[in-house]
Amino acid sequence: MNPTIRLNSTVKRSDDLVSCDLDGETALLSVENGKYYAIDPVGSRIWALLEQARPVSELCTLILEEFEVEPPQCEHDVLAFLNALAQDNLVKVADESTA
């Protein structure tokens, strides 16, 4: 079972994934489970930012700079998106902050 991703979590892409850009959206293929995933433009931006491990709070800050969204909604949506990806092992927690 994957740990719940929180605002203080550091998240990274899982291994064994193939992705490509399709007109601003991202298509993912999980080699592990053989499933394809389609990610919308905002999710695609988050996916691109996860090319390196990042704290979720940093992801939210970057998304707030690029998209018109209120901070509480951004945090909610980013956490929901990342936790959905984690359910299918597409992302994983790289490190838990003790703060």
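Is Ile5 buried or exposed, and at what relative accessibility? In this predicted model, Ile5 counts as buried, at 3% relative accessibility. The views below start from the whole chain and then close in on single residues.

**View 1. Overall fold of the predicted chain.**
The chain holds three helices and six strands. Read from the N terminus, the order of elements is β-β-β-β-α-β-α-α-β. The radius of gyration is 13 Å, close to the 13 Å from the globule rule for 99 residues, so the chain is as compact as a globular protein of that length. The C-alpha trace spans about 35 × 30 × 20 Å along its principal axes. Of contacts between residues at least 6 apart in sequence, 58% join residues at least 24 apart.

**View 2. Surface and charge of the chain.**
Buried residues make up 31% of the 99 in the chain. Side chains with a charge number 7 positive and 18 negative. The centres of these two sets lie 7 Å apart.

**View 3. Ile5 and its contacts.**
Ile5 sits in the segment before β1 (9-13). Its relative accessibility is 3%, under the 20% cut-off, so Ile5 counts as buried. Which residues does Ile5 touch, not counting those up to four places away in sequence? They are Val11, Val56, Leu79, Leu82, Asn83, Ala86, Val91 and Val93. Val93 is 88 residues from Ile5 along the chain, yet their C-alpha atoms are separated by 6.9 Å.

**View 4. Helix α1 and the cap at its N-terminal end.**
Helix α1 covers residues 41-49. Asp40 caps the N-terminal end of this helix. A side-chain oxygen of Asp40 lies 3.2 Å from the backbone nitrogen of Val42. Which residues of α1 are buried? They are Gly43, Ser44, Ile46, Trp47 and Leu49. An α-helix has 3.6 residues a turn, so residues three or four places apart point the same way.

**View 5. Ser44 within helix α1.**
Ser44 belongs to helix α1. Its relative accessible area is 8%, and Ser44 is buried. Beyond its neighbours within four places in sequence, Ser44 is in contact with Gly24, Glu25, Thr26 and Ile39. Of these partners, Glu25 and Thr26 belong to a strand, β3 (25-30).

**View 6. Asp23 in the loop between β2 and β3.**
How exposed is Asp23, in relative accessible area? The value is 82%, over the 50% cut-off, so Asp23 is exposed. Asp23 is not a glycine, yet its phi is positive, at about 55 degrees. Pro41 is 18 residues away along the chain. The C-alpha atoms of Asp23 and Pro41 are separated by 8.9 Å.

**View 7. Asn89 in the loop between α3 and β6.**
Asn89 lies between α3 (71-87) and β6 (91-96), in the loop. Its phi is positive, about 60 degrees, although Asn89 is not a glycine. Asn89 has 30% relative accessibility, between the 20% and 50% cut-offs, so Asn89 counts as partly exposed.

Definitions and conventions
Residues are numbered from 1 along each chain as its sequence is written. This is a predicted model: local features need pLDDT of at least 70, side-chain atom pairs count only at pLDDT 80 or more; totals for chains, interfaces and linings use all residues. Side-chain values use heavy atoms; hydrogens and water are left out. Helices (H or I, at least four residues) and strands (E, at least two) are DSSP runs, numbered from the N terminus. The radius of gyration is taken over C-alpha atoms; the globule rule is 2.2 Å times the number of residues to the power 0.38. Buried means under 20% relative accessible area, exposed over 50%, partly exposed in between (1.4 Å probe, protein chains only). Contact means heavy atoms within 4.5 Å. Lys and Arg count as positive and Asp and Glu as negative; His and the chain ends are not counted. The place of a charge is taken as NZ of Lys, CZ of Arg, CG of Asp or CD of Glu. A polar contact is a pair of N or O atoms within 3.5 Å; within protein, one must be able to donate a hydrogen and the other to accept it, and residues adjacent in sequence count only if both atoms are side-chain atoms.
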